[in-house]
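Here is a short briefing on one protein model. Look at the sequence and the structure first, then read the points below.

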Amino acid sequence: MTAKNPSSPKRRHIHVDGVVQGVGFRPFIYGLAVRYHLTGWVLNSSSGVDVEAQGTLEALDAFQEAITSEAPRLARIDRVTAHVIPPDGNGDGFTIRHSSADAGTSLVSPDVATCPDCLAEIFDPANRRYRYPFTNCTNCGPRYTIIQGMPYDRAMTSMCSFEMCPACHAEYEDPRNRRFHAQPNACPVCGPQVDFTVTSSSLMEGKGLADEVDTLARAAAILRSGYIIAIKGLGGFHLACDATNSAALARLRERKARPDKPFAVMMSTLDEVHQHCEVTPDEAALLTSPAAPIVLLYRRAQSRIAPNVAPDNPMLGVMLPYTPLHHILLRDVGRPLVMTSGNLSDLPVIVDNDEALAKLRSIADAFLLHDRPIYMRCDDAVWWVDRFAGEHDAAHQPLRRSRGDAPYPIRLPWHSRKHILAVGAEMKNTLCLLRDENAFLSQHIGEMSSLESLDYFRRTLDHLSGLFKVMPQIIAHDLHPGYLTTRLAHDLSEERGLPLVAVQHHHAHVAACLAEHGRTGPVTGITFDGTGYGPDGTIWGGEVLVAGLSDYRRIAHLEQLPLPGGDAAIHRPYRIAWGYLLATQGAIPDLPALVRFAGQEQSIVERQIAQSINTPLTSSVGRLFDAVSAMLGICPVATFEAQAAIALELAAREVDLRQVSPYPFAIDDTGVIRLGDLLAAIVADVQKGRPANHIAAAFHVTVAQMVIRAAELSRTQTEIDVVALSGGAFQNRLLLRLAREGLRSTGFEVLTHQQTPTNDGGLSLGQAVVAMHQTIV
């Protein structure tokens with residue numbers, strides 16, 4: 001018997017799954033093959049990257065190990081599989097082959113912020129890409145927003161109409177160049193171009209218009225002069241103005257009909273961010289990450305940012321430039337810029353030049369346009385850092401998962417044998433497509449209240465379904481019969497002949513949190529938010545559930561109180577306060593913050609409640625926050641969602657919590673958390689003149705105690721000592737910290753969101769996994 005020669009050539013076929021296209025993976029494989037003296041080839045397929053490599057056994061082992069240990073920064077490898085195949089005697093060198101289509105699916109890279117190498121080029125006067133706003137390479141640039149289909153080749157992107165010049169083509173074909181097979185590769189000779197259009201009459205007449213030939217320098221001069229510009233970016237338009245100019249900001253607020261809601265700010269460098277904000281290492285890491293999201297930061301007292309960027313708010317939503325266009329513009333302007341979504345109220349962000357010129361003309365004085373089509377719109381993502389995160393908590397938490405995040409999936413520990421579509425919530429909508437172990441969450445779609453949003457949803461559904469070859473066999477939706485997403489689910493069901501699964505709103509919240517942690521439950525799910533339809537036909541929102549992925553039962557909840565006028569009361573928290581006080585105290589007491597609204601409206605509300613006219617009952621924690629905020633005079637009238645609750649939290653943060661005690665409340669034998677004693681104590685404190693911020697702090701401590709006592713009630717009944725916290729109320733950093741610390745101090749394991757928002761932006765994930773476990777597992 002002849003022994004095998006270990007030095008004789010061996011050949012392997014290797015397949016790599018994950019985000020491995022559009023991230024420089026093939027040139028990386030080519031470089032490894034050259035290093036280990038291997039022959040063979042590498043190519044992109046619809047299902048990932050395929051490699052055939054031939055060489056000595058030792059070289060092949062080292063090569064395969066290096067694929068994962070040295071992978072490119074932007075790659076996310078999920079799985080590497082290999083098998084032995086017969087050696088090829090004709091092998092000569094290692095080649096990169098053209099892409100092939102197959103039946104599999106490959107993951108798609110999110111859009112990636114400008115890398116340091118490209119940044120250096122655009123500010124190097126000797127470089128051919130000096131000040132070119134569409135510079136990119138395999139390490140950065142547009143991905144998801146320009147991809148039309150897979151495999152990821154230029155012909156399948158919105159760059160297909162731009163033919164590369166000889167210099168760009170040479171880079172594209174050179175495996176040693178970082179632009180090797182960079183599909184959006186371009187330069188000033190052959191790539192997209194910017195254009196500038198003035199619509200303001202004062203600018204047309206030359207007032208404030210600097211004498212600049214360079215388009216971006218001209219835009220910068222106009223911004224410095226206090227004008228508003230609509231800027232076409234990576235995933236849609238922004239409306240921009242000087243963030244240090246309060247007059248410009250006042251005009252933007254008036255024109256956009258956005259009186260109070262904070263604007264995001266773009267700053268040129270991390271050093272500039274440090275000048276205006278307090279920045280921890282975790283926050284700096286988020287800001288400078290390839291995703292480059294908006295990050296919520298505490299503003300420094302000496303910051304020059306105008307107060308009306310974020311009125312009455314000590315925090316700023318800050319992002320760094322993430323495209324060359326932004327980098328050049330910010331450097332030319334020399335000051336921070338407001339960058340808010342280029343849309344009309346509650347409508348999707350605009351992506352088309354003509355639509356922007358038509359719809360944003362009444363807001364913008366000028367338009368900075370370009371001719372690279374945006375195939376898939378994508379708003380900026382928003383994240384925050386939990387400075388009090390424990391050892392097992394995620395420090396980075398999303399508030400809006402979008403550009404830089406989508407369409408990378410949430411990986412699940414369960415295999416779905418059917419493809420599932422979950423249509424998500426009515427507000428902060430995302431959709432979720434479940435295939436195998438992957439939950440593909442869409443980018444932020446937003447409020448589902450218009451035909452434009454519905455069209456955006458359907459376009460996103462078709463796009464993601466095509467990219468990842470998902471053919472839904474089940475559709476999951478919210479239990480609320482009046483939601484546009486519910487009607488959409490029914491329409492899709494009729495169009496495609498698919499079964500429906502209705503998922504209760506708060507069960508979906510808990511399920512999303514469980515899915516992120518790979519748990520099936522049961523857990524005690526405490527879901528505090530503003531609105532969710534209950535199976536009893538009332539508005540839920542202060543729920544304590546014993547829940548797993550397939551079912552749940554309600555064991556406790558906030559007392560149900562009247563909401564005069566229904567959803568309309570959300571914008572007038574003083575009406576909610578009237579309703580809550582009437583129901584729990586029997587009369588509306590004299591409180592300074594409420595007296596000024598007394599009169600005919602109060603009499604109407606009293607009759608509404610007495611006769612149960614347009615006065616639904618709600619157990620919502622969000623509405624309780626609104627009522628207390630109004631009672632204290634902190635925010636009796638709201639112009640944007642959760643404004644009253646945010647203001648109440650900010651007031652409470654000013655107080656040393658060691659100086660406050662919780663207010664009284666009771667949980668009765670049926671599990672109802674009674675609020676009468678709490679509200680009576682707050683009324684008494686207001687009338688005694690106790691400072692509003694101290695009352696706000698004591699209220700937060702009280703709500704945290706409600707969480708702890710409800711969890712203890714559940715543990716007594718079920719012996720469950722794992723608590724999942726979900727719902728929009730847990731965006732409140734103070735409440736989250738108090739509840740989490742209190743639960744852990746009493747022996748509970750606490751699960752919170754890590755990859756999806758705790759608000760309704762993560763609801764589609766919960767709907768999908770509930771549908772999977774109810775119908776398949």
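Pro 522 sits in the loop between helix H14 (505–517) and strand S21 (523–533). Helices (H or I, at least four residues) and strands (E, at least two) are DSSP runs, numbered from the N terminus. The model is predicted, so local features need pLDDT of at least 70 and side-chain atom pairs count only at pLDDT 80 or more, while totals for chains, interfaces and linings use all residues. Residues are numbered from 1 along each chain as its sequence is written, and side-chain values use heavy atoms, with hydrogens and water left out.

- Most residues other than glycine have a negative phi, and most peptide bonds are trans.
- The peptide bond from Gly 521 to Pro 522 is cis, with omega near 5 degrees.
- Another cis peptide bond joins Ala 406 and Pro 407, where omega is about 10 degrees.
- Pro 407 lies in the loop between strand S16 (396–400) and strand S17 (410–422).
- Asp 436, in strand S18 (residues 432–441), is not a glycine, yet its phi is positive, near 55 degrees.
- Asp 436 is partly exposed, with a relative accessible area of 26%.
- The terms have cut-offs: buried means under 20% relative accessible area, exposed over 50%, and partly exposed in between (1.4 Å probe, protein chains only).

**Two arginines in one loop**

- Arg 129 lies in the loop between helix H3 (116–122) and helix H4 (166–173).
- Arg 131 is found in the loop between H3 and H4.
- Arg 131 has a positive phi of about 60 degrees, although it is not a glycine.
- Arg 131 counts as buried, at 18% relative accessible area.
- Arg 129 is buried as well, at 1% relative accessibility.
- The side chain of Arg 129 reaches the backbone oxygen of Ala 186 at 2.9 Å.
- Arg 129 also touches other residues, including Glu 121, Cys 168 and Pro 188; contact means heavy atoms within 4.5 Å.

**A buried glutamate**

- Glu 543 is in strand S22 (residues 539–547).
- Is Glu 543 buried or exposed? Glu 543 is buried, because its relative accessible area is 0%.
- The side chains of Glu 543 and Arg 554 form a polar contact of 2.6 Å.
- A polar contact is a pair of N or O atoms within 3.5 Å; within protein, one must be able to donate a hydrogen and the other to accept it, and residues adjacent in sequence count only if both atoms are side-chain atoms.
- The side chain of Glu 543 also reaches the backbone nitrogen of Gly 541 at 2.9 Å.
- Among the residues that Glu 543 touches are His 506, Phe 528 and Ser 619.

**Nonpolar cores**

- In soluble globular proteins, nonpolar side chains tend to be buried together.
- A nonpolar core is a set of buried Ala, Val, Leu, Ile, Met, Phe, Trp, Tyr and Cys residues joined through side-chain atoms within 4.5 Å.
- The largest nonpolar core has 109 residues, and Ile 682 and Leu 725 touch the most other members.
- Helix H21 (residues 692–718) gives the most to this core, with 13 residues.
- Leu 725 is in contact with Cys 513, Val 707 and Leu 743, among others.
- Another core lies apart from it, with 61 residues, among them Val 16 and Leu 461.

How values were computed. Lists of a residue's contacts leave out its neighbours within four places in sequence.
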